[in-house]
Amino acid sequence: GALMGAIVSHRLAGALTSTQALLSAYLIASLLEGLSTFALIFAPNYLVASALLIVGGIPEMIAFATYFTLVQRCLPLERQAVFYAVSLPLMDACLIAGIVSGALYTSDLVTLGQFWLFASACAVLPVLPFLAWRGSATNR
């Protein structure tokens, strides 16, 4: 799914030249990715969950490419440094949380639905500091 998404992103790169087009592509791809991730909660077995992950990888890569294009286009260079300094460690922390949650699932401490609910909830963590930063910036 990620490989197909990378190919689709490359093909879309020429068409997505305006910031508005990038924002629309990011919104639609993120929505489709979120729906495929949410559907994992209801996956009855590993085969269906694997298929959903593959299908969800396509919009995930499109959203990934448009997101970082928007970051580079919209943030001044000095803000990009802060952005990456904060977001990359948060993404690493979420990766660790994913590994730990996988261990919880494989040791039968949580069900497959509970596992994916936890994973979906953790997906928003990297966004929270930026929402708080934006709120504090507008209050100045």
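This is a predicted model: local features need pLDDT of at least 70, side-chain atom pairs count only at pLDDT 80 or more; totals for chains, interfaces and linings use all residues.
Apart from its neighbours within four places in sequence, Q80 is in contact with V71, Q72 and L75. Q80 belongs to helix α4. Its relative accessibility is 13%, and therefore Q80 counts as buried, since buried means under 20% relative accessible area. Two of the residues that Q80 touches also receive its polar side chain. The side chain of Q80 reaches the backbone oxygen of Q72 at 3.2 Å.

The chain holds 6 helices and 0 strands, and its pattern along the sequence is α-α-α-α-α-α. The C-alpha trace spans about 45 × 35 × 20 Å along its principal axes. Of the 140 residues in the chain, 22% are buried. The accessible surface amounts to about 9,200 Å², and 74% of that surface belongs to carbon and sulfur atoms. Contacts may also be sorted by separation along the sequence. Among those between residues at least 6 apart in sequence, 68% join residues at least 24 apart.

A residue in the first part of the sequence illustrates such a separation. G5 has its place in helix α1, which covers residues 2-12. The relative accessible area of G5 is 0%, and so G5 is buried. Which residues does G5 contact, leaving aside its neighbours within four places in sequence? They are G57, I58, M61 and I62. A further distance concerns E60: the C-alpha atoms of G5 and E60 are separated by 7.1 Å, although the two residues stand 55 residues apart along the chain.

The aromatic residues form the next part of the picture. The structure holds 8 aromatic pairs. One of them joins F68 and F83, whose ring centres are 6.4 Å apart and whose planes stand at 70°, so the pair is edge-to-face. The reasoning rests on a cut-off, because planes over 60 degrees apart count as edge-to-face. F68 lies in helix α3 (residues 46-74) and F83 in helix α4, so this pair ties together parts that are 15 residues apart in sequence. Are these two residues buried or exposed? F68 is buried, because its relative accessible area is 15%, and F83 likewise counts as buried, because its relative accessibility is 5%. Both residues also belong to one aromatic cluster, formed by Y26, F64, Y67, F68, F83 and Y84.

Y26, a member of that cluster, is found in helix α2. Its relative accessibility is 29%, and for this reason Y26 counts as partly exposed. Leaving aside neighbours within four places in sequence, Y26 is in contact with A63, T66, Y67 and L70. A separation of 16 residues in sequence lies between Y26 and F42, and their C-alpha atoms are 25 Å apart in space.

Helix α2, which comprises residues 19-39, also contains L27. At 59% relative accessibility, L27 counts as exposed, because exposed means over 50%. L27 contributes to a nonpolar surface patch of about 520 Å², which is made together with I28, L31, L32 and L35.

The account now returns to helix α4, where L90 lies. L90 counts as partly exposed because its relative accessibility is 24%.

Finally, the loop between α4 (77-106) and α5 (112-122) contains D108. D108 counts as exposed, because its relative accessibility is 67%. Its backbone also deserves attention. Most residues other than glycine have a negative phi. The phi of D108, by contrast, is near 60°, a positive value in a residue other than glycine.

Methods:
Residues are numbered from 1 along each chain as its sequence is written. Side-chain values use heavy atoms; hydrogens and water are left out. Patches are made of residues with over 30% relative accessible area and no salt bridge: like charges are joined within 9 Å, nonpolar side chains (Val, Leu, Ile, Met, Phe, Trp, Tyr) within 5 Å. Accessible areas come from the Shrake-Rupley method with a 1.4 Å probe; for residues, only the protein chains shown count as cover. A salt bridge is a side-chain nitrogen of Lys or Arg within 4 Å of a carboxyl oxygen of Asp or Glu. Helices (H or I, at least four residues) and strands (E, at least two) are DSSP runs, numbered from the N terminus. Buried means under 20% relative accessible area, exposed over 50%, partly exposed in between (1.4 Å probe, protein chains only). A polar contact is a pair of N or O atoms within 3.5 Å; within protein, one must be able to donate a hydrogen and the other to accept it, and residues adjacent in sequence count only if both atoms are side-chain atoms. Contact means heavy atoms within 4.5 Å. Rings of Phe, Tyr and Trp (its six-membered ring) pair if their centres lie within 6.5 Å; planes under 30 degrees apart count as stacked, over 60 as edge-to-face and the rest as tilted.
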